[in-house]
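Please open the model in your viewer and keep a selection panel at hand. The tour below moves from one selection to the next and says what is there.

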Amino acid sequence: MKDKRSTFPLPLSSVTGGAAKPGAYAPAKVATPQTATRNAAHTTVIKPYVAPARVASPSKSHSDALARAQPAPQQTPRADLMVSDAIRRAMVVRVARQGVQDQLVLGALEAVPRHRFIDEALSAQAYIDASLPIGHNQTISQPYIVGRMIEVMRNGGQLANVLEIGTGCGYQAAVLSCVARQVYSIERIKALHELAKNNLRALRIPNLRLHFGDGMLGLPQAAPFDGIILAAAGLEVPQALLEQLTIGGRLVAPVGARVQHLQLITRTGKSEWLHETLEGCHFVPLRPGTV
Ligand code: SAH
């Protein structure tokens, strides 16, 4: 079913400062560290993003429900809710211009109300293309990198069981829940695990489970996973996580210290993994244990 679709760019000049021509997308210049290398290397002509209006996935009704979700009674209704749909679409158009082409992922980014995962004092910045502080020296990832990592992990296929390491405020977990049948997410900082639970409660996502623990150990009780995403950078990817991939499963992780790159690791056999290095990025460090 692809009726009732409209084609981007939408008439959003009031929030974006001007619309681009369809079919003429060039990667936008962005100054944030997570995209700098990617954009420098990127020359592909990108297909315009088709408005998700209806996300074509088994979880379509779930995405719709997310987009419609009302604040929990204890949350203050925000004045920005009225305009957040349009601003979120503009964010998705920018992410598409930067190179994310997977329509299902773009639809998921449009479905999840990012401003609900950010401190109210920062909510005016919720849809800019940047990582933002969420407390405890951690950040919510930049929308582009969230979309890019999920696109790489999905590779156009169906995802049955996905693990995220580093729940943070819960934003990427909510996006993942729109593209995978079941999602598990682990956080090592108790206060952030609680924050994510609060942020996600009102969205009532049935296929997402949050765990408090050390994600470097993975989640053996829910393994194997056909996709694993790390939202924090280690010097290498823990072997426990590689062992919890299905054969054919794909793991995407930032790797490095001061200089980091996204790595895609595909399990090709019982004891074989294929490593590929992708674009440069900048993430908070992966740390052992819990606090
Ligand atoms: N996924 C988040 C990004 C959170 S930032 C988003 O949606 O934007 C990365 C998170 O990884 C931090 O909250 C940090 O505490 C967490 N982290 C770091 N090492 C970890 C580990 N070993 N296990 C679980 N979480 C970890």
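In which loop does Asn-155 lie? Select Asn-155 and you are in the loop between α6 (143-154) and β3, where helices (H or I, at least four residues) and strands (E, at least two) are DSSP runs numbered from the N terminus. Although Asn-155 is not a glycine, its phi is positive, at about 55°.

Before going on, note that this is a predicted model, in which local features need pLDDT of at least 70 and side-chain atom pairs count only at pLDDT 80 or more, while totals for chains, interfaces and linings use all residues. Residues are numbered from 1 along each chain as its sequence is written, and side-chain values use heavy atoms, with hydrogens and water left out.

Next, select the peptide bond between Ala-223 and Pro-224, which is cis, with omega about 5°. Pro-224 belongs to the loop between β5 (208-212) and β6 (225-230).

Display the polar contacts, which are pairs of N or O atoms within 3.5 Å. A backbone N or O atom of Arg-287 is 2.6 Å from a nitrogen atom of the ligand, a polar backbone atom of Gly-215 is 2.7 Å from a ligand nitrogen, and for a polar backbone atom of Arg-188 the distance to a ligand nitrogen is 3.3 Å.

Finally, turn to the aromatic rings, of which a search of the whole structure finds two pairs. Select Phe-117 and Tyr-171: their ring centres are 5.7 Å apart and their planes lie at 70°, so this pair is edge-to-face (centres within 6.5 Å make a pair; planes under 30 degrees apart count as stacked, over 60 as edge-to-face and the rest as tilted). The pair links distant parts of the chain, 54 residues apart, with Phe-117 in the loop between α5 (103-111) and β1 (132-135) and Tyr-171 in helix α7.

Conventions:
A polar contact is a pair of N or O atoms within 3.5 Å; within protein, one must be able to donate a hydrogen and the other to accept it, and residues adjacent in sequence count only if both atoms are side-chain atoms. Rings of Phe, Tyr and Trp (its six-membered ring) pair if their centres lie within 6.5 Å; planes under 30 degrees apart count as stacked, over 60 as edge-to-face and the rest as tilted.
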